[in-house]
Amino acid sequence: MSIIRTEELTYQYKSYEEGQEQETLKQALQGLSFSVEKGEFIAILGRNGSGKSTLAKHLNALLLPSEGTVWVEEMKTSDEARLWDIRSTAGMVFQNPDNQIVATVVEEDVGFGPENMGVPTEEIWERVDKSLKAVGMAAYAKSAPHRLSGGQKQRVAIAGVMAMKPKCIIFDESTAMLDPIGRREVLRTVRELNEKEGITVLLITHYMEEAALAGRIMIMDRGRLVMDGTPRSIFSRRQELEALGLQVPQTTALADALRESGLPLSEGICQEEDLAEELAALYGRRKEAQA
Amino acid sequence: MSLLLQNVSYVYEQGTPMENTGLHPLSLEVKDDEVLAVIGATGSGKSTLIQMMNGLNKPSTGNIYYNGEDIFAEKYDRRRLRSQVGLVFQYPEYQLFEETVLKDVCFGPKNQGLSEEEAIGRARRAMRRVGLTEDYEERSPFDLSGGEKRRAAIAGVLAMEPKILILDEPTAGLDPEGREELLTELLALRRERQMGIVMVSHSMEDVARMADRIAVLSHGKLLMQGTPREIFREESGLLEAGLALPAACHILHLLKEKGLPVGTDALSVEEAKEKILAAFS
């Protein structure tokens, strides 16, 4: 069953430019139709201004379509009466951790969402405990958020979304401001939520190595959905990607260079471990043949 | 000609109960024709350090010399220093504010006391330098794409024609194309103007490609400094500092662990390829 579905989703806005009498109509999203199945882990790629964030904001009713429809489970995002159900089903984590933390103690911050939803106090604490455990931050429940590292703050923000028991979480460049370890922490958390808790994940990113971890990649360009497939199938189409302002991960670039030099490696390898394993196996076979 | 930091340290809220050491005493030189990358985990003191370099933060101990002069000496003209050691903050596009891109880029040189005409001349040169053509001049900075805004903001600092350009995470949030363009332009700038570049970055791949020298900060201490080759040889030190190896280099380490006779000393995809092919030949 699909958890998110869009049909001919179009979003346009008016823009007033200097020296022009009339406003112009800008098309941010143009006729997007796709569906996301429960439990999927999808990465969304595309250059700056391609419509990724605008799309994300449609998936929990922060924006409403100019034309077309978005469904979250069976709810239409335009149905105002269901707004809070929609937002607790599809949660969102943004780029800057400092803009998402409201309380002065970690556990209170995580409890903020469910409290606003009118969840009984007893249950709020249960949810806070469980969410902090899920992101590996239980030891920091009584800490002050401003004392935490960027990766830790971002995990607190994720716990805050978790506490609302979402079925789907949209990460809008949530690792862009983090250092390498912070990125790794957040990505591990994202993968665990997906694998262990069955939460559907949509990850918007500019890091190709992060997209390589997803089960499916969707690529946007000028407000349209232009590619949709597995990381392997996407990253084996290097020229098309480059035309869209994207790249293949360094791992894929290395595998491609080795294949061109005559090593029989498979196409679209995009994870470091996978490449190392194929190379080790190939090396073992060559040594055996020589012996 | 260089910027020299000698035994500088930085203590936050000194003399209060909140006193907190941001940087332990360290010494570092920035030559004005090299690219120095400063890397370290969030909170390791990178921003504190680079904000000392142009006199925004006064060190709690130690001295900073630009071309041999102490920049915190009583009569030193720090305003002039800031046009020679230009600092581009993180996400500088949030600081664009004028009606047109040209006016925004003119702001720095005008503040330096240049005439309107001179300021415009410099602004135009700086814009071209970062790939913003004439038709961008009259546009509103708020109508530009993320990558274009970032370049407009950098042009604003370049227009002051600094001898050393300091950038705090210049490629954060840019798409791969924007990142590539910006890095290529920075390298060209350095070549043509013999300009020193100090760059804070979380991308080990960018650092491996750009830097002549790397300084690694960890918990407010200068953990090590050296060429990229020297630094990326120290895997355990990097991991300890909350960092990582560039992907190409990491794959070689994985292969070595699996028993392949490969050298792990590679900074780029091309070098990694050569190392792997050598093991197979």
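This is a predicted model: local features need pLDDT of at least 70, side-chain atom pairs count only at pLDDT 80 or more; totals for chains, interfaces and linings use all residues.
Biologist: Which residues are linked in a network of salt bridges?

Modeller: A:Arg47, A:Asp221, A:Arg222 and B:Glu177 are linked that way.

Biologist: What's the count over all chains?

Modeller: It comes to 37 salt bridges over all chains. One of the pairs is A:Lys167 with A:Glu73, with 3.1 Å from N to O.

Biologist: Where do those two sit in chain A?

Modeller: They are in distant parts of the chain, 94 residues apart. A:Lys167 is in the loop between helix H5 (150-162) and strand E7 (168-172), while A:Glu73 is in the loop between strand E4 (67-72) and strand E5 (75-76).

Biologist: Is A:Glu73 buried or exposed?

Modeller: A:Glu73 counts as buried because its relative accessible area is 15%, under the 20% cut-off. A:Lys167 has 39% relative accessibility, so A:Lys167 is partly exposed.

Biologist: What about A:Arg259, which side chain does that one meet?

Modeller: A:Arg259 forms a salt bridge with A:Asp256, again given as N to O, at 3.1 Å. Both are in helix H10 (residues 250-260) of chain A, and they are separated by about one helical turn because they are 3 residues apart.

Biologist: Why does A:Asp256 count as buried?

Modeller: Because the relative accessibility of A:Asp256 is 10%. A:Arg259 is partly exposed, with a relative accessible area of 24%.

Biologist: Over to chain B. What forms a salt bridge with B:Arg190?

Modeller: B:Asp212 does, with the closest N and O atoms 2.6 Å apart.

Biologist: Is B:Arg190 buried or exposed?

Modeller: B:Arg190 is buried, with a relative accessible area of 19%. B:Asp212 is partly exposed at 32%.

Biologist: Back to chain A as a whole. What is the secondary structure?

Modeller: Chain A has 11 helices and 10 strands. Its C-alpha trace spans about 70 × 55 × 40 Å along the principal axes.

Biologist: How much of chain A is buried?

Modeller: Of the 291 residues in chain A, 54% are buried. The accessible surface comes to about 13300 Å², and 46% of that belongs to carbon and sulfur atoms.

Biologist: And the charges on chain A?

Modeller: There are 34 positive and 45 negative side chains, with the centres of the two sets 3 Å apart.

Biologist: What does A:Thr10 touch?

Modeller: Leaving out residues up to four places away in sequence, A:Thr10 touches A:Gln27, A:Leu29, A:Gln30, A:Gly31, A:Pro65, A:Ser66 and A:Glu67.

Conventions. Residues are numbered from 1 along each chain as its sequence is written. Chains are lettered from A and ligands numbered from 1 in the order in which they are written. Side-chain values use heavy atoms; hydrogens and water are left out. Helices (H or I, at least four residues) and strands (E, at least two) are DSSP runs, numbered from the N terminus. Buried means under 20% relative accessible area, exposed over 50%, partly exposed in between (1.4 Å probe, protein chains only). Accessible areas come from the Shrake-Rupley method with a 1.4 Å probe; for residues, only the protein chains shown count as cover. Lys and Arg count as positive and Asp and Glu as negative; His and the chain ends are not counted. The place of a charge is taken as NZ of Lys, CZ of Arg, CG of Asp or CD of Glu. Contact means heavy atoms within 4.5 Å. A salt bridge is a side-chain nitrogen of Lys or Arg within 4 Å of a carboxyl oxygen of Asp or Glu.
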